Amino acid sequence: MSKPIQAAIQRQVGKALTIERATLAAPQPHEAVVRIEACGICHMDLDGPSLCALPAVFGHEGVGVVEAIGSEARIKVGDRVILGYGSCGTCPSCAQAHPYYCDQSWDVTFGGRRLDGSPTLWDNSDTPLHAAFFQQSSFATHAIVPDHCLVPMPRDVPAEVGASITCGVMTGTGAVLNVLDVKPGETILIVGAGAVGLGAVMAAHRAGAGEILVTDVRDDRLMLAQELGATAVFNPRAGAMDKWVMAQTGRGVGKLLETSGNATAFESAIASLRTGGHMAYAILPSPMDKYELKPMALFEKAARFEALSFGNSVPQDLYPKILDWWRAGEFPVERLIATFSFADINLAMERARNGDVIKAVLMMEYADAA
Ligand SMILES: [Zn+2]
Ligand SMILES: [Zn+2]
């Protein structure tokens, strides 16, 4: 049976979202309806209108409680869950537990419907909305999610902490641990100190990296990076990043994570590598920037360039680990969080876009909440 909900709808590019009454589809056999407790805001939500048709409902960092399930769902009503990113669950990569290499990743993330083409959400005049964003669209009181994308979340973890470790922080953490494989004593350069970059700083610090170099154009973020484990920081407004890196290391870095999505930083990052270096690229390139990737720049250095999806992370593996580290005080993700009520979604989006907050998290409120 379909369900009336409230959803934040983006109807026009550059315009405010409006919280409206909408109708959620009934769950299919392997789906769950999740009552959303909190949802983080990520740059993909801000860039949503350049990736998807409108009107749309974004939001892909949700946590909540399972309220209804399909007939064959592998989850129970009442379970508390973090909503992982979308994957088809059936392609060869998904079958090998590599959902970040899902053959249908783009469709499942930005296609606006289920993979079978059916809509999951309608507005108040019964017009289908572009939804199922990352197979969730959790800028809403409720979301419909495939059961294989759900990760159990302990009751004692605050909702905003669960929401904050999803897309961005997971990506940075996964890039450091799964891809760059930072070992004790090693040096890493992290370009950009947003949620992805600071997740990477915490992961590198926890992994025992010797030198953690961090660059960002905002000094407040560099200060926070230092508090989270960065050993040296640099604002590229003061000069060329690659020259600073060479001065710090003498030969360039062997491990580098680019999280700025900025064309100038991208070129400077390649110039910061040592011969044989490994550069992981973890964020949507700015749609406004012109990139000029010259193969020679990589070839001269016999460098490895690797574009990542979600930091090559498997939410079912990584979320429980991050929450354990958080509980032990080794991963203070709360330092990144600013909470907003769902009603203030436009303020939260604006502050995220300006960079005034690192991880804005919307808190849903319910009249019947215990
Ligand atoms: Zn797949
Ligand atoms: Zn995201």
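A cavity is a set of points, on a 1 Å grid over the protein atoms alone, where a 1.4 Å probe fits but cannot get out; a pocket is an open set with protein on both sides within 12 Å along at least five of seven lines, and lining residues have an atom within 4 Å of a point. Grid points are joined across faces, edges and corners, and a volume is the space filled by probe spheres set on the points. This is a predicted model, in which local features need pLDDT of at least 70 and side-chain atom pairs count only at pLDDT 80 or more, while totals for chains, interfaces and linings use all residues. Residues are numbered from 1 along each chain as its sequence is written, chains are lettered from A and ligands numbered from 1 in the order in which they are written, and side-chain values use heavy atoms, with hydrogens and water left out.

**Cavities**
- There are two cavities of 30 Å³ or more.
- The largest cavity has a volume of about 40 Å³, and its lining includes Ile5, Thr120, Ala132, Ser137 and Ile144.
- That lining of the largest cavity has seven nonpolar, four polar and no charged residues (nonpolar: Ala, Val, Leu, Ile, Met, Phe, Trp, Tyr, Cys and Pro; charged: Asp, Glu, Lys and Arg; polar: the others, Gly among them).
- The second largest cavity holds about 30 Å³ of space; among its lining residues are Glu31, Arg114, Gln135 and Pro146.
- β7 gives the most to the lining of the second largest cavity, with three residues (strands are DSSP runs of E, at least two residues; helices are runs of H or I, at least four; both are numbered from the N terminus).

**Second largest pocket**
- This pocket has a volume of about 320 Å³. Of its 16 lining residues, Gln28, Glu31, Cys88, Pro146 and His148 are the closest to its centre.

**Zinc site**
- Cys42 (SG), His60 (NE2) and Cys167 (SG) coordinate the zinc ion (ligand 2) at 2.0 to 2.2 Å (donors are N, O and S atoms within 2.8 Å of the metal, or 3.2 Å for Na, K and Ca; water is not among the atoms, so sites may look incomplete).
- Cys42 and His60 are both buried (under 20% relative accessible area; exposed is over 50%, partly exposed in between; 1.4 Å probe, protein chains only).

**Backbone**
- Gln135, in the loop between β6 (121-123) and β7 (142-146), has a positive phi near 60° and is buried at 6% relative accessible area.
- Ser137 also has a positive phi, of about 55°, and is buried at 3%.
- Leu54 and Pro55 are joined by a cis peptide bond, with omega about 0°.
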